[in-house]
Amino acid sequence: MKHIDIQRAVAKECLAMETESKKQILSAYTSFCVALKKDGQKVPLWTEGGAVKGVYREIQKLRSESRSTLQGDSHLIQP
């Protein structure tokens, strides 16, 4: 599994839990990687800094995607 896939999954989890703390991101990232290894998947090497930066970047992408989706549906909202 690629770093970006793990980062996106952790970002979605953090948004669902409404948290962006470094501690929570690292905990979720570690748990995700452990679960993947138990399932027999290969997990790429990662650093704390790289994991946190990647997850923050994915959180921002997900937020901007959801805003653009909401703005695209604005014609459906009646005043």
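Select Gln24 first: this residue belongs to helix 2, which spans residues 22-38; helices here are DSSP runs of H or I with at least four residues, strands are runs of E with at least two, and both are numbered from the N terminus. The model is a predicted one, in which local features need pLDDT of at least 70, side-chain atom pairs count only at pLDDT 80 or more, and totals for chains, interfaces and linings use all residues. Residues are numbered from 1 along each chain as its sequence is written, and side-chain values use heavy atoms, with hydrogens and water left out.

Gln24 is partly exposed, at a relative accessible area of 31% (buried means under 20%, exposed over 50%, partly exposed in between, with a 1.4 Å probe and protein chains only). Beyond its neighbours within four places in sequence, Gln24 contacts Met17 and Thr19, contact meaning heavy atoms within 4.5 Å.

Now select Ile6, Val10, Ile25, Tyr29 and Val55, the residues with the most contacts inside the largest nonpolar core, which has 15 residues. Such a core is a set of buried Ala, Val, Leu, Ile, Met, Phe, Trp, Tyr and Cys residues joined through side-chain atoms within 4.5 Å. Two or more residues each come from helix 1 (3-17), helix 2 and helix 3 (48-72); helix 2 gives the most, with six. Centre on Val10, which touches Ile25, Ala28, Tyr29, Phe32 and Val55, residues up to four places away in sequence not being counted.

Finally, display the whole protein, with its three helices and zero strands. Of its 79 residues, 23% count as buried.
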